[in-house]
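Visitor: I should like to examine a structure together with the criteria behind its descriptions. Please show it first.

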Amino acid sequence: MKRIWRGYINASLILKITIALILGISVGLIFGEDAAVLAPLGDLLLRLLTFLIIPLILFTLIVGVNQTNISNLGRMGGKVFLYYLLTSALAIAVGLAVASIFSPGTGMTLDTDQELDVPENPGITSVLLNIVPENIVAAFSDLNLLGIIFTALAFGIAIAALRSSDTSSELGEAVYKVIDGLNEATLNIMKAILQYIPIGIFAIIAETVGNQGADTLLSLGSMVGVLYIALLVQVGFYIIFMLLSNVPLKTFFTHVRTPMITAFVTQSSSGALPLTLNAARDMGLSKSLYGFSLPLGATVNMDGAAMRIAVSAVFAANIIGDPLTFAEMLQVVLIGTLASVGTAGVPGAGIVMIATVFVQVGLPMEAVALLTSVDALIGMGCTALNITGDLVGTSIIDKSERKRMNGS
């Protein structure tokens, strides 16, 4: 047993995850809904990852703030916001273009008896207000990522001010050393959790495949297929952006494949956040940058979800036999980009965005109910693209910051 365990520990993580995916799909297809018995193993993985979110964001960002100056944070923040807005708009445009070419939903009929109770979209105003939590405990207990980021920035800046003070520098250094030590301890916990990820992925994928089955995929195969084609086109744009910014592709994809696969399986940008932070650290990116950009991206940067809006809109319009006009497509791009900013990175949140856009453009809500049948299959690819976009943007901005520091 010791030899087997040692072999498992020493094996490549990506090899273990690949085997877990294959086994999970096989078990799901063979046992169907009975594979749900494995659900607790998958739930444990999600709990472990969620458990690390707060300490990772808090300690990483506080340490990062103390390794740069405030003016750099403001400049990097501006770049991050601009990147997130532009790539979300690009994702919707790509989704509209690809969906218009392949026309998913043409010839299908809509079941008008289907109804869906869609939660209210929180909106951009609510998102902005949530940046400042009413109290720290509530922000932590509700896993309000924007509130946690604000808290980390506030304390990080305060500790930096203490360290540079003539009267309190020793106290500031003492507090910083404690935070830095807690950050390293959190990373050690992360290393232990990495060993459990293949087991959790196996359980989640087996349950998902077992519940969805092949019939659901075949019935809405055109919609799912077109969406994944659009996702690949968006990844192609990411690759072009990285090549133009001299980001090494091999290094990038070597480090991000684990968070990509985990996001794909868990369908949660927030849940995969500990792994995206870990990947950024392994790539040697700036702590002050990724400690801010990745938690923010998990909340407001939804390239995959934005693309889902576009494909779903074309799909719904084709079902009712009234294809979108160019003006309506521009409306989808504008409303979809704004809606994606106000949607949390958790499973099922994409349905809220789609419903918001459908109401504004005048598309039938019954189509939203139809799309929920393949929510898991669509959500997997979209979530993987979400965190990929976050990491691409962080890598590009890190490169630009390094060039600026080097004066080139």
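Guide: The following conversation sets computed values against the definitions of the terms used.

Guide: This is a predicted model, in which local features need pLDDT of at least 70 and side-chain atom pairs count only at pLDDT 80 or more, while totals for chains, interfaces and linings use all residues. Residues are numbered from 1 along each chain as its sequence is written, and side-chain values use heavy atoms, with hydrogens and water left out.

Visitor: What does the secondary structure of the protein come to?

Guide: The protein has 18 helices and 0 strands. Helices are DSSP runs of H or I with at least four residues, strands are runs of E with at least two, and both are numbered from the N terminus.

Visitor: How do you know that the span of helix α8 agrees with its number of residues?

Guide: The expected span is 1.5 Å times one less than the number of residues. Helix α8 (residues 169–194) has 26 residues and should therefore span 38 Å; its end C-alpha atoms are 37 Å apart, which agrees. For α7 (145–164), the 20 residues reach 28 Å, close to the 28 Å expected. Helix α11 (residues 249–266) has 18 residues and reaches 25 Å, close to the expected 26 Å.

Visitor: What bend does α11 have, and where?

Guide: α11 bends by about 45° at V256. The bend is the angle between axes fitted to the seven residues ending at a residue and the seven starting there. A proline, P259, follows within four residues. Both V256 and P259 are among the buried residues of α11.

Visitor: Why is I204 called buried?

Guide: Buried means under 20% relative accessible area, exposed over 50%, and partly exposed in between, with a 1.4 Å probe and protein chains only. I204 has 10% relative accessibility, so I204 counts as buried. I204 lies in helix α9 (residues 197–219). By the burial criterion, 52% of the 408 residues of the protein count as buried.

Visitor: Which residues does I204 touch, beyond those up to four places away in sequence?

Guide: I204 touches G42, L45, L46, V265 and T266, where contact means heavy atoms within 4.5 Å. V265 and T266 are also among the buried residues of α11. In space, I204 is 7.7 Å from L41, C-alpha to C-alpha, although the two are 163 residues apart in sequence. For the protein, among contacts between residues at least 6 apart in sequence, 85% join residues at least 24 apart.

Visitor: Why is L232 called exposed, and what makes A97 partly exposed?

Guide: L232 has 63% relative accessibility and therefore counts as exposed. L232 is placed in helix α10, and its C-alpha lies 9.7 Å from that of G381, 149 residues away in sequence. A97 has 41% relative accessibility, so A97 counts as partly exposed. A97 is in helix α4 (residues 70–102), and 8.8 Å separates its C-alpha from that of A310, 213 residues apart along the chain.

Visitor: What makes the pair of F252 and F253 edge-to-face?

Guide: A search of the whole structure finds 3 aromatic pairs. F252 and F253 form one with 5.1 Å centre to centre and 90° between the planes. F252 is buried because its relative accessible area is 1%, whereas F253, at 27%, is partly exposed.

Visitor: How do you know that a charge sits over the ring of Y176?

Guide: The charged end of R163 sits over that ring, 4.0 Å from its centre. The criterion is NZ of Lys or CZ of Arg within 6 Å of the ring centre and within 35 degrees of the ring normal. Y176 is among the buried residues of α8. The charged end of K16 likewise sits over the ring of Y8, 4.3 Å from its centre.

Technical notes. Rings of Phe, Tyr and Trp (its six-membered ring) pair if their centres lie within 6.5 Å; planes under 30 degrees apart count as stacked, over 60 as edge-to-face and the rest as tilted.
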